[in-house]
Amino acid sequence: MSRRRLLPLLVIAVVLAGCGARCAWAAPNDPSATLEFGGLSRTYLVHVPPGHPTGLVVNLHGGGSNGSQQERLTNFDAIADANGFVVVYPDGIDNNWADGRGASEPDRRGVDDVGFLTALAGKLQRSEERRVGKECRSR
């Protein structure tokens, strides 16, 4: 993977790891959701543990799979519940990711998966900020 593609992934990892207890994450009422990004409808599943989650894990599927299959394969929902974090299972385009090798359809189409994952994390954080704001106003 080129340095140009690796740096944004490292930035995402650092930002998400740095959230710690300061970030709580909300799930939509429906655990399956869509995010419009880069002219594409991107889909994902969200699992939120009971209580107030303190972080986010982005669990990516392998080539030829999807987020729902990854959720079942990894059993990460139970791990998230035990450790108090949200887990999101995004879907790659055509069941693949644009990983910079040029071998997948998303790569050949110029899909920006790093941008999508960054936007997805931002959407989940904004959703939680709105939820917390509503709770504070109702007290």
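**Note on the predicted model: sheet, helices and salt bridges**

1. In strand 4, Y44 has P90 as its bridge partner. This contact belongs to the antiparallel pairing of strand 2 with strand 4 (residues 86-90), which runs over 4 bridges. Two strands are taken to pair if DSSP finds at least two bridges between them. Helices (H or I, at least four residues) and strands (E, at least two) are DSSP runs, numbered from the N terminus.

2. The model is predicted, so that local features need pLDDT of at least 70 and side-chain atom pairs count only at pLDDT 80 or more, while totals for chains, interfaces and linings use all residues. Residues are numbered from 1 along each chain as its sequence is written, and side-chain values use heavy atoms, with hydrogens and water left out.

3. The protein contains 5 helices and 4 strands. Along the sequence they follow the pattern α-β-β-β-α-α-β-α-α.

4. Strand 1 (residues 32-37) pairs with strand 2 (residues 40-47) in the antiparallel sense, over 6 bridges. Within this pairing, L35 has R42 of strand 2 as its bridge partner. The two strands form a hairpin with 2 residues between them, and G38 in the turn has a positive phi of about 60°.

5. Taken together, the 4 strands form an open sheet of mixed pairing, in the order 1-2-4-3. Strand 1 and strand 3 (56-58) are the edge strands, each pairing on one side only. From one strand to the next, the twist averages 30°. As a general point, side chains in a regular strand alternate between the two faces of the sheet.

6. Contact means heavy atoms within 4.5 Å; axes are lines fitted to C-alpha atoms, for helices over the stretch in contact, and angles run from 0 to 180 degrees between N-to-C directions.

7. A search of the whole structure gives 4 salt bridges, each defined as a side-chain nitrogen of Lys or Arg within 4 Å of a carboxyl oxygen of Asp or Glu. One of them joins the side chains of D113 and R42 (2.8 Å, N to O). This pair links distant parts of the chain, with D113 in helix 5 (residues 113-138) and R42 in strand 2, 71 residues apart. D113 is buried at a relative accessible area of 4%, and R42 is buried at 1%. Buried means under 20% relative accessible area, exposed over 50%, and partly exposed in between (1.4 Å probe, protein chains only).

8. R109 and D94 also meet in a salt bridge through their side chains (3.4 Å, N to O). R109 lies in helix 4 (residues 105-109) and D94 in the loop between strand 4 and helix 4, 15 residues apart. R109 is partly exposed at 44% relative accessibility, and D94 is partly exposed at 47%.

9. E105 and R108 are separated by about one helical turn because they stand 3 residues apart in helix 4. E105 is partly exposed at 32%, whereas R108 is exposed at 54%.

10. Buried residues make up 37% of the 139 residues in the protein.
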